[in-house]
Amino acid sequence: MPSVKKIKKVIVLGSGALKIGEAGEFDYSGSQALKALREEGIQTILINPNIATIQTSENIADKIYFLPVTPYFVEKVIKKEKPDGILLSFGGQTALNCGVELYQSKVLQDNHVEVLGTPVQAIMDTEDRELFVEKLNEINVKTPRSIAVTSVAGAIKAARELGFPLIIRAAYALGGQGSGFCTNMDELKKMAEKAFSFSNQILVEESLKGWKEVEYEVVRDCYDNCITVCNMENFDPLGIHTGESIVVAPSQTLTNAEYHKLRELAIRVIRHIGIIGECNIQYALDPNSEDYRVIEVNARLSRSSALASKATGYPLAFVAAKLALGYGLHELQNSITKTTSAFFEPAL
């Protein structure tokens with residue numbers, strides 16, 4: 001990991017406009033990250049087209065570019081500013097996708113810009129559904145039985161193999177776009193065609209409708225120290241998008257055994273993927289048994305992170321930004337409580 005002293009100038013991809021995939025919740029995480037960097041004496045360059053945000057206010061970032069968070073514009077800013085590092089995980093799904101594209105097109109490498117925090121390979125391992133399933137299979141963690149396909153014909157073949165009911169999910173999609181349930185071939189064909197308008201890869205997956213949806217916020221540093229900061233439960237069962245549901249922190253209906261089982265799994269998964277900073281892991285849990293599936297891991301600050309920070313008093317985004325610079329959890333103080341270290345799980 002870089003020592004903190006080498007990094008002098010960092011680009012932060014900001015929260016963007018108020019639309020699916022870019023939202024005000026990420027304004028909170030971006031603002032916290034900018035404050036953390038400023039505290040370290042690092043010059044910050046923010047790219048965010050939304051003037052109605054806190055992170056674009058005076059004295060938060062050293063320099064602001066009111067430009068869309070797209071590879072084209074970010075590359076221009078990189079060439080002009082020549083930063084040492086870039087933070088991808090504070091601007092929602094849009095910033096992550098943009099960072100992955102810049103990495104794949106070698107823009108970051110050619111301009112000697114280091115991705116701080118979670119490595120891009122780990123981001124790709126969580127975003128590409130096929131890679132994600134393979135990664136979790138390596139440590140015997142259950143994911144929904146699924147087949148990734150790139151055509152409607154492939155989706156039909158997958159449906160015959162898995163059997164109905166099914167759920168269709170689009171890879172790299174924002175806010176669950178292109179996802180839905182289907183109970184027969186006609187519905188599947190319509191759903192698959194719709195999903196391919198959002199993404200070139202879709203996942204045909206066993207339906208877990210009616211299972212509980214539970215999430216954990218997990219923090220890990222470059223020394224492999226790992227803690228869960230908060231767990232949450234969706235008021236509605238699986239099948240209703242989190243963004244349209246109510247999320248309660250901490251979870252209300254898990255037994256002690258279920259809570260600890262999912263916590264242990266969360267830490268095992270995050271360590272295996274190699275996240276550095278903060279992330280969110282989502283589970284489906286069978287209400288009638290302890291059977292579970294890992295639905296997804298978001299290798300970034302998410303909407304839930306803002307809720308978890310408020311519910312626990314643990315400044316997730318602030319700590320994540322410091323971890324991205326190479327600090328360990330044991331070296332940081334919780335800036336809210338002022339008495340505990342950041343290596344301390346809040347009790348709810």
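Visitor: How many disulfides does a search of the whole structure find?
Guide: This is a predicted model, in which local features need pLDDT of at least 70 and side-chain atom pairs count only at pLDDT 80 or more, while totals for chains, interfaces and linings use all residues. Residues are numbered from 1 along each chain as its sequence is written, and side-chain values use heavy atoms, with hydrogens and water left out. A disulfide is taken as a pair of cysteine sulfur atoms within 2.5 Å, and the number found in the whole structure is zero.

Visitor: Which radius of gyration does the chain have?
Guide: The chain has eleven helices (H or I, at least four residues) and 14 strands (E, at least two), taken as DSSP runs. The globule rule, 2.2 Å times the number of residues to the power 0.38, gives 20 Å for 348 residues, and the chain is close to this, so it is as compact as a globular protein of that length. Taken over C-alpha atoms, the radius of gyration is 20 Å.

Visitor: What share of the residues in the chain is buried?
Guide: Cysteine 98 is one of the buried residues, with a relative accessible area of 2%. Over the 348 residues in the chain, the buried share is 57%.

Terms used: Buried means under 20% relative accessible area, exposed over 50%, partly exposed in between (1.4 Å probe, protein chains only).
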